[in-house]
Amino acid sequence: MRGEPLDAERIVSATEEVLRRHGPEKSTVLDVARLLGVSHGSVYRHFPSKAALREAVIRRWLDGVREDFAAAVQDSALAPPDRLRGLLTTMFAMKWAKAREDPELFATFRVLAAEHSTVSSGHVAFLLAQIGAIVVDGIASGDFAAGEPDVIARAILNATSRFHDPMHAEEWHSPEIEAESADVISLILDGIRAR
């Protein structure tokens, strides 16, 4: 990686590589600096701490999934219940795939979620906004019972935490996880539908 100008993006890419090699607990700023062929002080000029580096990596990682989530919300050809089912199913499947396919970065996300970092808090806020937008449309269309969209969105996110919260990642290896998540989604949709 030597020879290229040192910028935040290059440092984040190197940090991602180091996290994949060593995991969140054993990775250091010095490891990142070594990979880049610079002093650790050069890395600190761009990022004030190891935590800031980890957050930058996970922010980039999560930004990559936001488009898929947003697409599920904005598909106006689908009725709100189908959009909500699609969003939740997509959200669960993407988290499960990330945990399976990129375990080291997922472990970093797990650490940040446990620390209630700004990145994990921002991700939760993004998910609540996506769910809330569908709930608003569902109430307006008469598909969902009247209520406070923000309260309903938070209840849905909390009710489904077993399928998306990184603290439950070990449970995602169960062969029944897909069927169980589908059952919970159906129960939620039945619970919020207009009567």
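This is a predicted model: local features need pLDDT of at least 70, side-chain atom pairs count only at pLDDT 80 or more; totals for chains, interfaces and linings use all residues.
Residues are numbered from 1 along each chain as its sequence is written, and side-chain values use heavy atoms, with hydrogens and water left out.

**Figure 1. The largest pocket, with lining from α6, α7, α8 and α9.** Each of these helices, α8 being 149–159, supplies at least two residues of the lining. A pocket here is an open set of points on a 1 Å grid over the protein atoms alone, with protein on both sides within 12 Å along at least five of seven lines; a cavity is a set where a 1.4 Å probe fits but cannot get out, and lining residues have an atom within 4 Å of a point. The pocket's volume is about 330 Å³, a volume being the space filled by probe spheres set on points joined across faces, edges and corners. Of its 18 lining residues, A113, S120, V124, D165 and P166 lie nearest the centre. Helix α7 gives the most, with 5 residues. The lining has 8 nonpolar, 7 polar and 3 charged residues; Ala, Val, Leu, Ile, Met, Phe, Trp, Tyr, Cys and Pro count as nonpolar, Asp, Glu, Lys and Arg as charged, and the others, Gly among them, as polar.

**Figure 2. Helix α7, residues 118–141.** Its 24 residues reach 34 Å from first C-alpha to last, close to the 34 Å expected when 1.5 Å is multiplied by one less than the number of residues. Buried residues in α7 include H123, F126, I131 and I134, where buried means under 20% relative accessible area with a 1.4 Å probe, protein chains only. Just after the helix, G142 takes a positive phi of about 85°. Look across from I134 to A153: they are 19 residues apart in sequence and 8.9 Å apart in space, C-alpha to C-alpha. A153 is found in helix α8, and its 2% relative accessibility counts as buried.

**Figure 3. Aromatic pairs, 4 in count.** Rings of Phe, Tyr and Trp (its six-membered ring) pair if their centres lie within 6.5 Å, with planes under 30 degrees apart stacked, over 60 edge-to-face and the rest tilted. The W61 and F106 rings have centres 6.1 Å apart and planes at 70°, so this pair is edge-to-face. W61 lies in α4 (residues 50–74) and F106 in α6 (residues 103–114), so the pair ties together parts 45 residues apart in sequence. Both W61 and F106 are buried. For F92 and F163, centres 5.4 Å apart and planes at 40° make the pair tilted. F92 in α5 (residues 80–101) and F163 in α9 (residues 161–164) are 71 residues apart.

**Figure 4. The largest cavity, holding about 70 Å³ of space.** A search of the whole structure finds 2 cavities of 30 Å³ or more. W61 and F106 return here, among lining residues that also include L62, F109 and H123. Helix α4 gives the most to this lining, with 4 residues.

**Figure 5. The second largest cavity, about 50 Å³ in volume.** T15, V29 and R54 are among its lining residues. Helices α1 (8–26), α2 (29–36) and α4 each supply at least two residues.

Definitions and conventions:
Buried means under 20% relative accessible area, exposed over 50%, partly exposed in between (1.4 Å probe, protein chains only).
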